[in-house]
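The following note sets out several points for a colleague who is examining this model. Please read each point with the structure open.

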Amino acid sequence: MTTATLTAPVSRTGHDTVPLPRLVAAELRWIFRRPRTLAVLALLAVVPIVIGIGLTLVGDSGPDGGPADADAALLASAVNNALVLPIAALTMTLALLLPLASAMAGADALAGEAAHGTLRAWLVAPVSRGRLLVVKAIGVAVVCVVAVLAMCVTGVVTGLIINGTGSLFTLSGTTLSLGAALGRILLVAGWIVLQLWAVGAVALAVSSWTEHPMLVVASVLAGDIVFTILGFLTSLDWLHPFLLNRNWSEAPTEILRDPIGGSMLTEGALRAACYIVVGLSLAYGRLATRDG
């Protein structure tokens, strides 16, 4: 965020003299000028292409010979199926790469600017702390949307080039039109964006307490790993419904079936919404008492 954007003439009425769209536009320009943001988005966009080429080279034998888990089964279903390929790529990267992109955006939003001294310009500008958090949360959400849509576009294009439009069928065996297939892919994309925004909200909460962006990224990814380990412990079944990454590898497959299932998707969406509320509330509580 540039200092010129923030040092608009101060009104006698106090805060919130800078229009919100102007703040959001300046924040997005700042975000998408960061080389690391562009590098991560480019990497994510390439993942579906690599998966599609890999499946073409190995044929049916590669995925079928892998471990019998949800990701391997979904990857096996992506062979010769243009509908499953982008969803399989999104599901596989949801384990680490996509949360990494969201955590980086949340870390740069507050801790990164604090480290560079630009957060103080926000805090003394005619902008309330609530609007500051809204702008940062919107910036994180936009990064999540762009990351997921980039993977969707390259995944769909790769799948259609390799397999053609006649390969759009569900895991139940029914064939879909191109429009129906795109609708299901967008539904998965929207659900995953919500999960990533929850990760970003947690990152914003941690970011509001430190000036070290890498500490934020490490903390969020460590939490993801710990949640994954806890999910394997049957003795902690009572805790599993509270784990953000619960069913991340299984829920998207509900959209690939006919009729579409909704239990895991609904549960995951509600859980992510709770994490968003809690994360943003903690971030606001810290920003409201922060001087610089």
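1. The second largest pocket holds about 200 Å³ of space. A pocket is an open set of points on a 1 Å grid over the protein atoms alone, with protein on both sides within 12 Å along at least five of seven lines. Grid points are joined across faces, edges and corners, and a volume is the space filled by probe spheres set on the points. The lining of the second largest pocket comprises 14 residues, and V202, V220, G223, D224 and L244 lie nearest its centre; a lining residue has an atom within 4 Å of a point. Two or more lining residues come from each of α10 (178-207) and α11, and α11 gives the largest share, six residues.

2. On provenance, this is a predicted model, in which local features need pLDDT of at least 70, side-chain atom pairs count only at pLDDT 80 or more, and totals for chains, interfaces and linings use all residues. Residues are numbered from 1 along each chain as its sequence is written, and side-chain values use heavy atoms, with hydrogens and water left out.

3. A search of the whole structure finds two cavities of 30 Å³ or more, a cavity being a set of points where a 1.4 Å probe fits but cannot get out. The largest cavity contains about 70 Å³ of space. Its lining consists of I31, R34, T37, V40, A101, M104, A105, D108 and V143. The elements that supply two or more of these residues are α3 and α7 (97-116), with α7 giving the most, four residues.

4. Helix α3 (residues 35-58) has 24 residues and spans 34 Å from its first C-alpha to its last, close to the 34 Å expected at 1.5 Å a residue; the expected span is 1.5 Å times one less than the number of residues. Helices are DSSP runs (H or I, at least four residues), numbered from the N terminus. A kink of about 25° lies at V46, shortly before the proline P48; the bend is the angle between axes fitted to the seven residues ending there and the seven starting there. Among the buried residues of α3 are T37, V40, V47 and P48.

5. Is H240 buried or exposed? H240 counts as buried because its relative accessibility is 7%, where buried means under 20% relative accessible area (1.4 Å probe, protein chains only). H240 lies in the loop between α11 (213-232) and α12 (263-288). The H240 side chain reaches the backbone oxygen of L236 at 3.3 Å. Not counting residues up to four places away in sequence, H240 touches L230, G231, L233 and R246, contact meaning heavy atoms within 4.5 Å.

Note on methods. Buried means under 20% relative accessible area, exposed over 50%, partly exposed in between (1.4 Å probe, protein chains only). A polar contact is a pair of N or O atoms within 3.5 Å; within protein, one must be able to donate a hydrogen and the other to accept it, and residues adjacent in sequence count only if both atoms are side-chain atoms.
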